[in-house]
Structures are given as structure tokens and as C-alpha cells.
Amino acid sequence: MSRFDTLIINGQLITAADRYTADIGIKDGRIVALGQDLGEAEEVIDAQGLWVMPGGVDAHCHLDQPLGDGAVMADDFESGTRSAACGGTTTVIPFAAQQKGQSLRAAVEDYHRRSEGKAFIDYAFHMIVTDPTETVLKEELPALINEGYSSFKIYLTYDDLKLNDREVLKVLAMARREGGMVMVHAENADCIAYLTELLEEQGKTAPYYHGVTHSSIAEREATHRAISLAELIDVPLLIVHVSGPEAIEQIRWAQGRGLRVYGETCPQYLMLTASDLDQEGFEGAKCVCSPPPRDTAAQEAVWEALENGVFQVFSSDHAPFRYEDPQGKKLHGESASFAHIPNGIPGLETRLPILFSEGVIKERIDATRFVALTATQPAKIYGLYPRKGTIAIGSDADLTLWDPAARTTVRNADLHHAVDYTPYEGLELTGKPVLTLCRGRVVSRDGRPSAEPGYGQFLKCDKPQPARPRGATKGF
Ligand code: DUC
Ligand code: ZN
Ligand code: ZN
């Protein structure tokens with residue numbers, strides 16, 4: 001019998017720290033050797049001319065999430081993880097969302113039923129906490145955090161999701177006690193509601209006005225408030241989907257003061273602007289997401305924050321709604337106000353190729369930073385490291401082999417999600433994932449799936465080290 005199931009030879013290995021040429025020996029789904037002339041294997045993959053990177057960890061995406069307003073997500077765990085695999089991702093972390101009045105445990109159990117036997121790649125769950133009752137705070141959340149659901153998102157906006165400041169404080173205090181990682185959707189709900197009412201009264205209801213109401217000032221205020229509440233409690237916090245300089249300044253300010261405040265951004269804030277919402281007819285609805293894309297100066301600020309370390313995580317925030325669908329973007333018809341368009345854009349499969357091409361190839365970030373942002377840091381922040389997110393002995397053999405010179409054009413027809421559009425149609429990219437392995441098994445080859453649904457396993461997350469408080473003394 002061979003020493004290895006698979007050997008990957010001659011590749012240039014890139015981790016968040018290093019870049020070197022070595023062979024990788026894989027046995028029983030794990031990396032068991034790194035070196036030269038490692039010996040015999042059942043299968044040898046020649047990676048000459050390719051870059052071998054950890055498979056992507058997409059730490060923020062929405063799949064088959066029940067919404068309660070009649071809208072239905074286009075992607076379930078099958079189509080969503082198939083699409084992710086074809087784009088070089090090997091782990092996704094979508095959200096088990098609590099409806100107000102629902103037990104959090106029931107939401108998690110329901111999400112297991114929705115995912116069971118469907119995934120092409122591995123997956124963990126974040127939770128969404130919308131109803132922090134005494135039972136949720138004292139019993140359900142502490143138990144769930146200990147059972148492998150160690151991160152959750154809270155919202156400061158959306159009527160059916162948002163928490164008030166007092167509820168946020170209670171949730172943060174619980175996270176501090178239990179070691180959970182808190183993610184915050186930071187937009188000021190009342191600013192958005194006020195501006196929406198004002199614009200609708202003036203008959204300004206086109207998709208473009210979604211971006212006007214979701215002002216960057218409303219994002220900045222909520223970001224600052226979330227940071228202040230976390231400082232009061234002394235607990236780390238991650239601000240998700242940051243769109244521009246106003247919120248970035250708040251995060252940088254907090255980090256400069258030594259607070260454990262982390263930041264995430266997404267491809268839409270690099271590639272889209274408000275003008276993508278300002279299109280003929282209802283077309284702009286395709287790019288309605290929250291926070292919305294801003295302007296080219298905001299894009300530059302987001303690039304800078306990816307480069308200089310203000311952001312730790314680059315996720316897709318894949319929130320899939322079909323355009324031509326009465327359960328999708330056209331839920332309330334084409335003449336509906338922007339305020340009633342389901343929020344979100346697809347991006348699981350394009351996340352890595354976009355950052356690779358626009359970031360690494362155009363030399364805005366180097367390849368090690370690409371790995372840090374898309375795999376290593378999300379794995380660390382959400383308690384999956386070192387099993388996921390790196391190339392190391394003992395880690396899962398989750399690997400993506402990139403051809404750094406291959407040219408492609410994004411076409412929705414070539415993507416594997418169930419959405420009927422991509423906001424990046426026609427975008428020309430350099431560099432593509434040509435082979436992706438999850439636990440040693442090839443899950444996509446040359447942009448096409450090559451595993452079957454059900455291969456992906458559920459992952460329990462450890463309590464993340466970055467979620468530990470600084471230990472500042474409190475008088476309460
Ligand atoms: N905003 C969110 O908060 N989640 C999903 C999609 C979106 O646009
Ligand atoms: Zn959000
Ligand atoms: Zn989201």
C-alpha cells in the first residue's frame with residue numbers, strides 16, 4: 001500500500017505566511033507530509049506552474065434561510081455549496097436564523113434538516129439572534145456556543161431582526177462570559193426609516209434610492225455605537241460587510257486604541273457603485289444589498305483597508321434572489337418601492353477569482369494576504385483553525401490549485417448557483433482555480449463540480465481565541 005492517497009507535486013505553496021515550492025502528501029483526507037521526494041501515492045497530481053493555496057473559507061453567506069416575508073432564497077445547500085466549490089471554496093459558514101418568538105435551538109435544528117446530505121463541501125453554522133429572551137441568553141446560547149456554534153450575528157437594522165441597545169448589551173455580556181464571536185450588521189434603523197419615508201412621499205421609489213436611504217452616515221453611526229457597546233462590556237466584535245471609509249475609520253480608530261474589533265468586507269464593495277443601482281427600469285434591483293455599494297472613492301478606501309490590515313475577513317455575503325421571480329427580486333412587482341426589494345446579491349463562486357484577479361494580479365495585495373483574508377483569518381476568527389484555512393501537517397487537505405495566468409470572463413451561464421444573474425457579467429479576470437480538493441477529494445475541476453451532494457460534512461467550531469476579552473477590569 002502507498003504511503004499516501006494523493007501527492008501534489010511541484011506546486012508553489014502559498015499560505016498566509018509563506019511561499020515555497022514543496023510536495024504535499026495526503027492520507028485519509030489530511031495533510032500528512034510536506035517536503036520533497038515524498039515517495040509513492042495512489043494518485044499524483046502535478047501542480048507544475050500552479051499556485052497551491054488553502055481552500056477558501058467563505059465565512060458569510062446565506063443559503064436556504066427562511067425569511068418569513070414570502071421571499072425565497074434561490075440557493076439551498078446543494079446549489080450553494082456546488083457553486084462555492086467551483087470557485088475554489090471548501091468551507092462555508094451560512095446562518096441558522098432565529099425568527100422572533102422562536103427558540104434558537106429550534107432554528108439550529110431546522111437548519112440541520114435543511115443542510116443534511118446536501119453539501120458538496122464542509123460547512124459550519126453561525127446563528128442569527130433576533131430574540132434574546134432570558135431563556136436564549138441564559139440557557140440556549142451558552143449551550144449552543146459550547147456545542148460548536150460559537151459565533152452569531154446580530155442586527156441593528158431590519159424591523160424583523162434588529163435589537164435595541166439594551167438587548168445588544170445583554171447579548172455582548174453573554175458572549176463575553178461564554179467566549180462566542182459576535183458579528184454585527186451595523187446600520188442605523190431609524191435613519192433608514194426616516195429617509196425612506198421622506199423619499200417615498202416624494203415618489204422617489206426606484207432601486208437607486210435604496211442606496212440613498214442606506215446612507216454611509218447611518219452605517220458609520222451604527223458601527224461606532226456597536227464598538228462603544230462592545231468596549232463597555234469588554235468583548236471582541238466583528239463588523240460585517242463594511243462598505244466604505246466612514247465605517248472603516250471607526251474600526252481603525254477602535255483598533256488603534258487596542259480594542260479587539262475586527263472587520264469584514266465583500267466583493268460588491270470593490271466592484272460595484274451606486275450607479276449599478278441606477279439602471280433602466282427595475283434592473284438596479286439586482287444590486288440592491290445592505291449596506292449598498294457606494295462610489296469609487298469608497299472602493300479605494302476598501303482596498304486600502306484590505307491591504308493595511310483593518311479588515312481581517314473577505315466574504316461573499318452571498319444572498320441569492322432570482323431577478324425574474326415573484327419570490328425573488330420581483331416579490332412585490334417591478335413598480336414596488338426600493339424598500340420592498342429583497343436585499344442581497346450572489347457571489348459565492350466569484351468571491352475568490354475577483355479578489356485574486358483584482359487584488360493579487362493587479363498587485364494591490366500580495367498572495368499571502370489573499371490567503372489570510374479568504375481562508376486563514378476567517379478560520380481563526382470562527383474557531384475552525386488549524387483544521388481549516390491553512391496548509392500544514394494535520395490540517396484537512398482543503399486545497400485549491402490556481403492557474404495564475406488563465407483568463408476568463410464571468411458569465412452567469414457558467415456559474416453553478418441557482419440565481420439567474422450575476423452582477424459581474426462580462427467582467428474579465430486573470431487567474432482561476434483549476435482544481436479544488438476538500439479533505440483530499442477533488443470537489444471541482446476546471447470550474448465544474450466533481451463531487452456529489454452529501455460529501456460535505458458539518459463542522460463544529462471551537463470557541464475562537466480572537467473572541468477572548470482583553471480582560472479589562474470592570475466595576476460591574
Ligand atoms: N444584507 C444583509 O444584511 N444580509 C443579506 C444580504 C444583504 O444585502
Ligand atoms: Zn447583514
Ligand atoms: Zn449577510
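**Close-up views of the ligand and zinc sites**

The donor residues of the zinc ion (ligand 3) follow the sequence spacing H-x1-H-x254-D, donors being N, O and S atoms within 2.8 Å of the metal (3.2 Å for Na, K and Ca), with water not among the atoms, so sites may look incomplete. The model is predicted: local features need pLDDT of at least 70 and side-chain atom pairs count only at pLDDT 80 or more, while totals for chains, interfaces and linings use all residues. Residues are numbered from 1 along each chain as its sequence is written, chains are lettered from A and ligands numbered from 1 in the order in which they are written, and side-chain values use heavy atoms, leaving out hydrogens and water.

**View 1. Site of the zinc ion (ligand 3).** H60 (NE2), H62 (NE2) and D317 (OD) are the protein donors of this ion, at 2.0 to 2.1 Å. The zinc ion (ligand 2) is 3.8 Å away from the zinc ion (ligand 3).

**View 2. Site of the zinc ion (ligand 2).** K153 (NZ), H185 (ND1) and H241 (NE2) lie 2.1 Å from the zinc ion (ligand 2) as its protein donors. Their spacing in sequence is K-x31-H-x55-H.

**View 3. Residues around ligand 1.** The surrounding residues (a heavy atom within 4 Å) include H62, K153, Y155, H241, C289, D317 and N343. By class, this shell has four nonpolar, six polar and two charged residues.

View 4. An N or O atom in the H185 side chain is 2.8 Å from an oxygen atom of ligand 1. A polar backbone atom of S290 also lies 2.8 Å from an oxygen atom of the ligand, and a polar side-chain atom of Y158 is 3.4 Å from a nitrogen atom of ligand 1.

Terms used:
A polar contact is a pair of N or O atoms within 3.5 Å; within protein, one must be able to donate a hydrogen and the other to accept it, and residues adjacent in sequence count only if both atoms are side-chain atoms. Ala, Val, Leu, Ile, Met, Phe, Trp, Tyr, Cys and Pro count as nonpolar, Asp, Glu, Lys and Arg as charged, and the others, Gly among them, as polar.
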